[in-house]
Amino acid sequence: MSEMLKVAVLGARGRMGTAAVAAIDGAAGMELVAALGRKDPLDVLVDKGAQVVVDLTVPGSTEANVRFAVEHGIHAVVGTTGWDAARLAALAELLAAHPETGVLIAPNFALGSVLATHFAARAAKYFESVEIIELHHPGKVDAPSGTALRTAQLMAKARAEAGVPAAPDATETALDGARGASVDGIPVHSVRLAGLVAHQEVLLGSPGEALTIRHDSFNHASFMPGVLLGVRSVGARPGLTVGLDGYLDLEG
Ligand SMILES: NC(=O)C1=CN([C@@H]2O[C@H](COP(=O)(O)OP(=O)(O)OC[C@H]3O[C@@H](n4cnc5c(N)ncnc54)[C@H](O)[C@@H]3O)[C@@H](O)[C@H]2O)C=CC1
Ligand SMILES: O=C(O)C1=N[C@H](C(=O)O)C[C@H](O)C1
């Protein structure tokens with residue numbers, strides 16, 4: 001019988017962590033060796049021989065958690081938000097000193113969301129106007145969502161590379177926030193509504209037509225196949241991968 005992959009979850013009592021603990025517990029070939037909360041020491045990861053850690057915590061904790069994992073040769077699959085360019089650059093530098101360790105930073109583990117972002121990036125250069133609306137449960141602590149940030153960044157990059165001019169917008173006066181947050185020039189609007197889980201609409205418009213790319217996560221089960229794919233793959237992918245699309249063949 002082949003050996004079980006030893007997996008630990010950080011943020012194990014949160015919304016995502018609870019679902020991930022159950023998914024890993026029930027997954028073939030994996031053994032859940034630790035399920036840690038905010039007050040548990042990270043040394044447990046080493047004591048329990050974790051080979052992969054899944055970080056589902058909060059933006060203020062995730063960087064230190066991942067740094068600890070990498071420094072101890074533990075691969076990391078990270079769903080937590082807050083990984084801006086400076087944090088990613090520092091992590092890439094750390095990984096250069098630990099070339100056998102892999103880290104996946106996945107703003108969204110839901111396959112449909114990964115595809116929606118991919119399609120939005122592909123479509124971005126063909127339309128005059130693009131805007132993003134992300135809609136989440138009111139317990140979410142960050143805005144805009146990590147998914148919306150990444151989607152906007154990829155769309156803005158595609159438009160810049162294609163030489164698309166700034167979207168038309170005659171707004172001269174507006175209340176603060178009325179046009180959303182500008183992410184690389186793309187307006188991103190954040191809705192927090194009881195009853196929602198995680199949803200996003202990318203709006204693309206040109207004279208006479210509009211395309212809407214919408215994805216809905218109705219519950220946290222939507223994220224679990226991506227979490228398990230990340231856990232199974234990260235050991236064979238040394239270095240830093242941003243986005244679950246890095247583990248998928250979306251062009252094939
Ligand atoms: N990549 C993806 O597909 C998804 C990512 N997320 C992200 O995952 C993160 C967690 O989301 P939720 O589960 O909804 O939040 P949550 O607030 O329900 O859970 C976070 C948990 O982490 C714990 N925690 C905080 N610091 C910790 C530390 N240093 N060590 C261990 N545990 C710690 C908290 O006590 C809490 O139980 C957020 O950043 C969210 O945006 C959420 C859903 C999907
Ligand atoms: O906090 C959440 O719930 C989610 N967070 C991630 C994000 O910020 O994009 C992924 C998903 O949207 C759910």
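Angles between elements are classed as roughly parallel under 35 degrees, roughly antiparallel over 145, roughly perpendicular from 65 to 115, and oblique for the rest. The model is predicted, so that local features need pLDDT of at least 70 and side-chain atom pairs count only at pLDDT 80 or more, while totals for chains, interfaces and linings use all residues. Residues are numbered from 1 along each chain as its sequence is written, and chains are lettered from A and ligands numbered from 1 in the order in which they are written.

Helices (H or I, at least four residues) and strands (E, at least two) are DSSP runs, numbered from the N terminus. Helix α1 (residues 15–25) packs with helix α7 (residues 224–233) at an angle of about 60 degrees, and their axes are 10 Å apart. Axes are lines fitted to C-alpha atoms, for helices over the stretch in contact, and angles run from 0 to 180 degrees between N-to-C directions. The two helices, α1 and α7, are therefore oblique to each other. On the α1 side, Ala 19, Ala 20, Ala 23 and Ile 24 meet Met 224, Val 227, Leu 228 and Val 231 of α7, where contact requires C-beta atoms, placed from the backbone, to lie within 7 Å. The residues of this contact comprise 8 nonpolar, no polar and no charged; Ala, Val, Leu, Ile, Met, Phe, Trp, Tyr, Cys and Pro count as nonpolar, Asp, Glu, Lys and Arg as charged, and the others, Gly among them, as polar.

Within α1, the buried residues are Met 16, Gly 17, Ala 20, Val 21, Ala 23 and Ile 24. A residue is buried if 20 or more other C-beta atoms, placed from the backbone, lie within 10 Å of its own, exposed if 12 or fewer, and partly exposed in between. The buried residues of α1 pack against β1 (5–10), β2 (30–36), β3 (52–55) and α7.

An open sheet is formed by 6 strands in the order β2-β1-β3-β4-β5-β11, with parallel pairing; strands pair if DSSP finds at least two bridges between them. Its edge strands, β2 and β11 (239–242), each pair on one side only. Between β3 and β4 (residues 75–78), parallel pairing extends over 4 bridges, and Asp 55 has Val 78 in β4 as its bridge partner. Helix α3 (residues 59–71) lies across β1, β3, β4 and β5 (102–105) and runs at about 155 degrees to β4.

Glu 3 lies in the segment before β1. Glu 3 is exposed, with 8 other C-beta atoms within 10 Å. Between Glu 3 and Met 30, the separation is 27 residues in sequence and 8.7 Å in space, C-alpha to C-alpha.

Key: Contact = placed C-beta atoms within 7 Å.
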